[in-house]
Amino acid sequence: MTPYQELQSRLAETGYLANDSTAMALHLAQVLGRPLLLEGPAGVGKTEIAKALARVLDTNLIRLQCYEGLDASHAIYEWNYQRQLLAIRADGTSEEQLFSEKYLLKRPLLQAISQETPAVLLLDEIDRADEEFEAYLLEILSDFQITIPELGTIQAKSRPHVILTANGTRDLSDALRRRCLYVYVDYPTQKEELAILSAHMPEIGATLAKQIVHVVQEMRRDDLEKKPGVAEMLDWAAALSGLGINDMTQNPEAVQATLVCLLKTATDRDAVPVEVLNRLLGKVA
């Protein structure tokens, strides 16, 4: 068994079924010490890859959820101003004492490089952050150090395993892409999705599992506003199983009501009436 296949097997033990390209990319990212950029549509399990890697490595997962307007104070560090004011009122603490690590609030990026054991640092939906924020990342991803004017440059105690995810909201800079290994994570194939469902819910019968995966795969081919992801597929499977449904063709009205797990807009709900659902079920071989 090759090293990447061993990693693939260990990921499977945690419940994440990685294909060959994803497992190889994760392996190379560790060997080369490079960040890994995972790009693809929402709901394909990009975030779960980071969680699974943290479980495999038995280390902390430190997550930074990116958004428009994200700045250094929320991503890297900020000073605990309330505690500083209390210290001044209590005993007249000097300025030098005020700007020490005692009053420093470590945010995800600083937390990640302060770990004694390498953590998994997840920069989730990096494409939602502003282009200016990428500049903050370049120093960290290149040298794994952070400069704090009052304290100087803080070197990483350990180099975190960095995973970035992007949904294609905007184009990422060439500078950021060059520093990363890259994998495009697409929706799973029918065979892969059946394996995912079986791994997470082995109690579901073969007939129902096949129907679930077929319907979800067909819905993704339709022009829906929000295509159902793997997480929604698993939620739907849990709902059907909880209702005691073993064959969707036996109770289409109840099945139609459970589509709240899959379809997340009014337009998408209207696009899949019970007649369409019956037609999709009729195509299950």
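**Entry 1: aspartate 124 and threonine 165**

I started at aspartate 124 and listed what it touches, leaving aside neighbours within four places in sequence: Thr47, Arg63, Leu64, Gln65, Cys66 and Thr165. By contact I mean heavy atoms within 4.5 Å. A note before going on: this is a predicted model, so I keep to pLDDT of at least 70 for local features and 80 or more for side-chain atom pairs, while totals for chains, interfaces and linings use all residues. Numbering runs from 1 along each chain as its sequence is written, and side-chain values use heavy atoms, with hydrogens and water left out.

Aspartate 124 lies in strand 5, residues 120-124. Helices (H or I, at least four residues) and strands (E, at least two) are DSSP runs, numbered from the N terminus. Is aspartate 124 buried or exposed? I find it buried, with a relative accessible area of 3%. My cut-offs are under 20% relative accessible area for buried, over 50% for exposed, and partly exposed in between, with a 1.4 Å probe and protein chains only.

Next I looked up threonine 165, which sits in strand 8, residues 161-166. Threonine 165 counts as buried, at 1% relative accessibility. Its side chain makes a polar contact of 2.5 Å with the side chain of aspartate 124. For that term I take a pair of N or O atoms within 3.5 Å; within protein, one must be able to donate a hydrogen and the other to accept it, and residues adjacent in sequence count only if both atoms are side-chain atoms. The threonine 165 side chain also reaches the backbone nitrogen of glutamate 125, at 2.7 Å. Beyond four places in sequence, the contacts of threonine 165 include Leu38, Lys46, Thr47, Leu122 and Ile126.

**Entry 2: tyrosine 67**

I then went to the loop between strand 2 (61-65) and helix 4 (72-75), where tyrosine 67 lies. Tyrosine 67 counts as partly exposed, at 35% relative accessibility. Not counting residues up to four places away in sequence, I see tyrosine 67 touching His74, Arg128 and Ala129. From tyrosine 67 to isoleucine 126 I count 59 residues in sequence and 7.7 Å in space, C-alpha to C-alpha.

**Entry 3: helix 15**

Which residues of helix 15 (274-282) are buried? They are Val276, Leu277, Leu280 and Leu281. These residues cover an arc of only 135° around the axis, which puts them on the same side of helix 15. The arc is that of the directions from the helix axis to the C-beta atoms. Exposed Glu275 and Gly282 are on the face turned away from that buried side. Among the elements covering the buried residues of helix 15 I noted helix 11 (206-221), helix 13 (252-257) and helix 14 (266-271).

**Entry 4: helices 10 and 12**

Helix 10 (residues 190-200) packs on helix 12 (residues 230-242) at an angle of about 50°, and their axes are 11 Å apart. I touched on the residues making this contact: Glu193, Ile196, Leu197 and His200 of helix 10, and Val230, Met233, Leu234 and Ala237 of helix 12. Axes are lines fitted to C-alpha atoms, for helices over the stretch in contact, and angles run from 0 to 180 degrees between N-to-C directions.

**Entry 5: the whole chain**

Last, I looked at the protein chain overall, which has 15 helices and 9 strands. Of its 285 residues, 46% count as buried.
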